[in-house]
Every structure is written in C-alpha cells, then in structure tokens.
Amino acid sequence: MKFIHIADVHLGAQPDAGPLYSKDRPRELWGALERIVGICEQEQTDLLLIAGDLFHRQPLVRDLKEADSLFAELSHTKVVLVAGNHDYIRTDSNYRTFVWSENVYPLLGKNPEYVDFPEFDTAVYGMSYHSREIRKPAYDGLKPCGAEPFEILLAHGGDAKHIPLDAGRLEQSGFDYVALGHIHRPQALRKNRIIYAGALEPVDKNDTGPHGYVKGEITRQGVRTAWIPCAKRSYVHLEIPVSQDDTTGSVKTTLGERIRECGAGNIYKVILTGKRDADIVFDAGRLSEGQNILEIEDRTSPAYDFEKLYEENQDTILGRYIGRFLGCEEGSTEYRALCEGVDALLGSRG
C-alpha cells in the first residue's frame with residue numbers, strides 16, 4: 001500500500017512573506033497542495049493522509065469546495081484527513097455539514113474512529129480537535145482493532161496544550177505507521193514508523209529549514225518511508241559578520257552575494273554581528289532594498305577602546321558610566337548597555 005503523508009498546510013494563512021512575495025505567498029500554499037495532488041495522481045498513490053490543520057482557521061464553505069475539487073480530480077487515491085487545533089470542529093464549523101467527494105474520508109469525531117479500505121488491506125484511525133487546546137493525552141493506550149492487515153494512526157499534537165504524545169507508547173501501540181502533524185519541522189520519532197511530516201510550506205519566519213512530505217509504502221515485510229522536500233521557499237536566518245572597515249554599502253554588497261548563494265527566492269531574516277566603526281550606523285532600508293528581507297537585526301557593537309575612554313574621562317559622567325561596566329563580558333546584556341550608553345553620551349557631547 002503506497003501513501004503520502006502531509007500535515008499543517010494552513011490554507012488561508014497570511015504567511016510572513018517579505019516585500020516581494022506578500023501578495024503571492026497565500027496562493028503558494030494552495031499551489032503546494034495542488035502539487036501534492038498531482039504527485040498522487042501521477043504515481044497512483046493509494047492513500048493521501050492529512051494529519052491536521054489543512055486550514056489555518058475555520059474554513060469557509062468556499063475553502064472546503066476548493067480543496068474538495070482538487071481531491072475529486074484523483075482517479076485512484078483516497079484522502080483521509082483530521083481537523084487540527086487551527087481548523088478545529090467548532091459548533092458552527094462548516095466541516096459539520098459539508099459533503100465531500102466520495103474519495104474523501106474526514107475523521108471528524110472527538111474520539112478515535114477509523115475508516116476501512118479493504119482494497120488496500122488498510123484501516124486508518126484518527127480523531128479531530130473540537131477545541132483549540134486538548135491538554136490530556138488522547139492516544140495513550142489506543143490500539144488498532146485488527147480491521148485490516150495494515151493499520152495507520154493519524155495524530156495531531158505533541159506539546160503540553162495539544163495532545164501530549166508518548167513516543168514509546170505509540171511505538172508499542174501496534175500501528176504500522178503513525179502519521180503526525182502539528183510540529184512544523186519534519187522529524188522522525190521512530191524511523192519509518194512514527195513521523196512528523198512537518199509543514200508542507202513554512203508560514204512563519206521561525207519555520208526555518210526544509211519542508212515537504214512523507215512518501216511511504218507498507219508491505220508484509222514492514223514500512224519504508226522517505227521524506228521529500230518540496231517547499232517553494234524557505235525562511236533563512238542569515239548572519240552577516242561586519243568589521244570596522246564596513247559601511248552600509250559594503251555590507252549591502254556582501255548581503256547580496258550571500259542571498260544569491262542561499263537562493264534569491266527564499267525569505268530572509270538578516271542578523272548583523274561583529275564590531276563596527278563607532279561612527280557608522282547601518283541603514284536597514286538601504287540593506288533591504290531589492291531583496292526579500294523580512295527583518296534586519298543589528299547585533300553589532302561599536303569598536304570603542306573603553307579602557308582608553310575611561311582613562312581620559314574618569315572625572316566625567318562618561319568615565320563614571322564606563323567604570324560601572326568595566327570587566328563585563330562582551331556580548332552580554334551589560335556590554336550592550338555599555339555600548340548604547342557610551343553612544344548616547346558621546347552623541348550628547350557632539
């Protein structure tokens with residue numbers, strides 16, 4: 001039995017996108033789902049497993065119709081999904097009344113249930129969120145009932161507020177495969193068997209690293225899986241070291257080179273580090289111009305000779321201020337306060 005496992009598509013989200021992609025990025029989430037449906041059709045995948053948060057919020061009827069129309073194009077694949085903490089089953093949720101295409105099987109109960117696919121020798125178990133948070137473990141002690149030779153669990157959660165998970169108990173549960181959602185970074189809790197697919201596309205600037213889906217096959221001999229990257233863009237935290245010789249212009253040149261190396265289509269948070277000339281202030285607007293940069297964080301410090309300044313100004317406010325911080329560790333909060341205070345005091349002198 002061949003399957004594809006995705007999670008956390010977050011259709012309808014307004015992702016952190018930067019100046020170049022702010023209008024297009026929400027559409028790219030739909031594009032990601034379209035690509036997965038296309039792969040399922042091309043490879044004649046048996047099951048498409050969606051482990052929660054297909055939508056970023058309560059889906060509108062038109063959202064459900066759009067998703068369903070994609071799934072209806074599949075000539076062979078059956079789609080099984082659960083609702084996560086973002087698209088949970090509210091009392092007025094459109095999930096409750098929407099009629100899906102015949103190849104789509106939503107598991108919307110607040111308690112675990114299953115759907116049987118005898119043509120694939122497979123049963124898929126799962127439950128949906130009926131509130132934003134579920135703090136109690138819901139899968140501890142859950143075991144398959146033996147409906148089919150191959151049995152899969154769709155599970156969304158893994159932190160204190162969203163169904164805490166015990167990987168050891170899941171491993172002993174008897175499910176051939178556990179398709180996990182909620183954690184956006186892909187990771188395997190148990191190789192080939194208990195896997196977070198991760199978000200299909202990153203939606204938050206801290207969702208760094210690759211994103212994609214799990215492709216798997218279950219046979220009488222066991223389970224084989226491969227994680228496949230497919231995200232159109234990645235969030236990259238890019239550290240740019242500077243020196244006393246650098247200006248905004250030189251840093252902009254270096255930044256452009258690094259972005260070309262890392263991929264111009266990605267979305268960046270830039271972190272400036274090192275010691276700059278005390279007279280230089282980096283212009284974030286100039287640095288961002290023409291690049292897809294969400295944020296520039298300046299962690300640089302001015303290259304002052306604090307001991308020399310202290311010796312020359314012991315009897316002034318400047319000297320007394322420096323004296324309070326002498327010996328503090330470079331990079332510490334105290335050191336940053338020293339730099340900013342000296343900047344302010346020297347500025348007032350000017």
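**Exercise 1. Find which element supplies the largest share of the lining of the largest pocket, then describe that lining.**

Step 1. Helix α9 gives the largest share, five residues. A pocket here is an open set of points on a 1 Å grid over the protein atoms alone, where a 1.4 Å probe fits, with protein on both sides within 12 Å along at least five of seven lines; lining residues have an atom within 4 Å of a point. Helices (H or I, at least four residues) and strands (E, at least two) are DSSP runs, numbered from the N terminus.

Step 2. Note the source. This is a predicted model: local features need pLDDT of at least 70, side-chain atom pairs count only at pLDDT 80 or more, and totals for chains, interfaces and linings use all residues. Residues are numbered from 1 along each chain as its sequence is written, and side-chain values use heavy atoms, with hydrogens and water left out.

Step 3. List the contributors of at least two residues: β14 (267-276), β16 (301-302) and α9 (333-349).

Step 4. Take the volume, the space filled by probe spheres set on the points, with grid points joined across faces, edges and corners. The largest pocket holds about 260 Å³. Of its 15 lining residues, Arg299, Thr300, Ser301, Tyr335 and Arg336 are the closest to the centre.

Step 5. Sort the lining by class: three nonpolar, five polar and seven charged. Ala, Val, Leu, Ile, Met, Phe, Trp, Tyr, Cys and Pro count as nonpolar, Asp, Glu, Lys and Arg as charged, and the others, Gly among them, as polar.

**Exercise 2. Describe the surroundings of arginine 276.**

Step 1. Locate arginine 276: strand β14.

Step 2. Check accessibility. Arginine 276 is buried, because its relative accessible area is 10% (buried is under 20%, exposed over 50%, partly exposed in between; 1.4 Å probe, protein chains only).

Step 3. Look for a backbone partner. The side chain of arginine 276 reaches the backbone oxygen of isoleucine 280 at 3.2 Å.

Step 4. Collect contacts (heavy atoms within 4.5 Å). Leaving out residues up to four places away in sequence, arginine 276 touches Thr300, Ser301 and Asp343, among others.

**Exercise 3. Classify the aromatic pair of tyrosine 105 and phenylalanine 117.**

Step 1. Search the whole structure: eleven aromatic pairs. Rings of Phe, Tyr and Trp (its six-membered ring) pair if their centres lie within 6.5 Å; planes under 30 degrees apart are stacked, over 60 edge-to-face, the rest tilted.

Step 2. Tyrosine 105 and phenylalanine 117 are edge-to-face, at 5.0 Å centre to centre and 85° between the planes.

Step 3. Tyrosine 105 is in β4 (residues 104-106) and phenylalanine 117 in β5 (residues 113-117), twelve residues apart.

Step 4. Tyrosine 105 is partly exposed at 26%, whereas phenylalanine 117 is buried at 1%.

Technical notes: A polar contact is a pair of N or O atoms within 3.5 Å; within protein, one must be able to donate a hydrogen and the other to accept it, and residues adjacent in sequence count only if both atoms are side-chain atoms.
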